[in-house]
Amino acid sequence: MKRVLAGLAVTAAVFAHAGLAQAAGELNIYNWGNYTSPEMIKKFEDTYKVKVTITDYDSNDTALAKVRQGGSGFDMVVPSQNYIPIWISEGLLLESDPGKMENFKNVAKEWADPEFDKGRKYTVPWAMGTVGTVVNTDVYKGDINTWAIVFDTPAELKGKVNVVPEMNDVMDAAVLYNGGKKCTGDLTILKKVRDTLVKAKPNWVAMEYGTIEKMLSGDFAASSDWNGSALRQRLKNPAIHYGYPKEGFVFWSDNLAILKDAKNVENAKLFQNFMMDPENAGMNSGFHRYANGIAGSDKFMPADMKGAPEIDVPAQFASVGVPSMTCPPQVQELYTKIWTELQK
Amino acid sequence: MTQPGTIEAERSRDIRKRWLLSLPALLIVLLAATGPLLIVLLYSFLTPGPYGDVLWKASPDGWIGVFLEKDIFTETLSLADAHVSIFVRSVLLSLATTVVTLLFGFPTAYFIATRPERTRELWLLLITIPFWTNLLIRTFAVLQIIRNEGLINTLLMKFGLIERPIQMLFTDGAILTGMVYVYLPLMVLPVYANLEKLDFRLVEAAYDLYATPFRVLTKIIIPLAKPGLIAGSILVFIPALGAYVTPSILGGGKNLMLGNLIELQFGQGRNWPLGSALSITLMLIVTVALLVYVRNVGSQEKRHG
């Protein structure tokens, strides 16, 4: 009996230890892959003597699913603006009140009081951009400013197009392509959307996230993509261009938040404040190549980002951009159903 | 002299003691094996939550969704041909993997078993070397070889055999290649274990009686090696059926196998009950495969007495 008890005690100790593995001076960030400047993290680590660990996720849904289970061990997360109301209503985020932090004064006016986080009670801007197409113009010479690249793939690109499988991005693109409004629940349009997607899929080579590496290696000749990713590709291969679909495209932002069950809350707050410093935000942009919503940070960005067509939306396209937002639950449910049907 | 009665009592005490001693282990095995399974079974009968997870409301939809699908717009039920095609692809790819690993694994095992005893261990060591590297890394290595600017395409283009790269990555063929590479050692080892015990005097006797090499192979070696061949096939087929990493990296997220389909339900699909029902379906397929194995080998052993 004693041995049984000893065995149980050991088992319990193993579990307890797993739960208490967080020591002081740590910060665990759960973020999109290839999205955090190592240089900027080094600076934070050196300034505050904190060891930062970054874990990647590849979609808003993955991040949400993992954190919702509890005990993820992460302190911070970077959800897109259309998911932030879900994170808040599910009670997953800590009300850290960045709006009252010292560096908040640097946040650009248009990002200081956004719809998805009124008064900036939870989140700090991380990056913002657009969803469009990216095309290797050595392979395809036609018009790239259209979702037809993905949904009505031209002959040259058949079997070479990738689609980044972020559900809402793809659904929004297909809705706009079929003349619908973002978040439409109109069944005639959604039926067209479904048919468009099902018909388009055989022309795709993959549904993957790693576009930068695979566009550069020639495994993909085109893809749906985000603008910063497109800029990083063009800097390595000038033939790769970013297209702003004339049927409409989505403006999005990703925002840094602290989790309610974070173990290192003080370090996380320091990091939120740190990210609103123009120099640090600029350094981060120099890595992920997106705008960051912090005024004055452009001084600290690499010169090749100034006036880049991927960052500054050309005037003729700006009018067809629509902001990303959370769709009503019943619409979201339809989107999810269409999406699952497509994925099968 | 001890009484027969006391011997009996001692024996039963002994048995009780053994049971008591093994009880903790048995309990843990029972809990660890059936506990999670029961949760999976329970979840398969609940309602999906809006952002994943489940609502505590019973619903048969998870199981209905395995085989049938409701059209989003017309609400009509039809056979879930998407699921069926993934099931079929998984079974076919796993069978193909098994056959190819057999074709390569059997000669390899035979070769090792016929080496002098001292060098056999070296050969076995060589077979296990890929296991020293993480599965993920090995799969990425295969990706590097077959991608458009990978080793094969670069060489073929250099020698002018092809003008443009052949699309090998993100196809069923890529998944098959990856799985054969990953599972080959699982075939070689049990077949070798069996061939090692094979009495090669029987082979010699057959040759002395003027049997052709082909007859020796089909009438002597293969029948004697059958348990090993079947064990190897099962060891390859079952994990291949549930493979996740290989198809997700080499299939490009478009050519799903069962493992990927299940994962999808717990992530972007937000349908845990369906995912649970699919997992149990996969388990049932595996159980059937195992039953076939037990039947075959069991009857074989009885026949040989």
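Start by selecting strands β4 and β9 (residues 249–258) of chain A, which pair in the antiparallel sense over seven bridges. Strands here are DSSP runs of E with at least two residues, helices are runs of H or I with at least four, and both are numbered from the N terminus; two strands pair if DSSP finds at least two bridges between them. Within β9(A), A257(A) is the bridge partner of T123(A).

This is a predicted model, where local features need pLDDT of at least 70, side-chain atom pairs count only at pLDDT 80 or more, and totals for chains, interfaces and linings use all residues. Residues are numbered from 1 along each chain as its sequence is written, while chains are lettered from A and ligands numbered from 1 in the order in which they are written.

Stay on β4(A), residues 123–136: 14 of its 14 residues are buried (20 or more other C-beta atoms within 10 Å of the residue's own, with C-beta atoms placed from the backbone).

Now show both chains. 33 residues of chain A are in contact with 27 residues of chain B (C-beta atoms, placed from the backbone, within 7 Å). On the chain A side, select α13(A), which gives the largest share, eight residues.

Finish on chain B. Colour domain 1 (1–43) and domain 2 (80–304), whose bounds come from an automatic or database domain assignment. The C-alpha centres of these two domains of chain B lie 37 Å apart.

Terms used: A residue is buried if 20 or more other C-beta atoms lie within 10 Å of its own, exposed if 12 or fewer, and partly exposed in between; C-beta atoms are placed from the backbone. Two residues are in contact if their C-beta atoms, placed from the backbone, lie within 7 Å.
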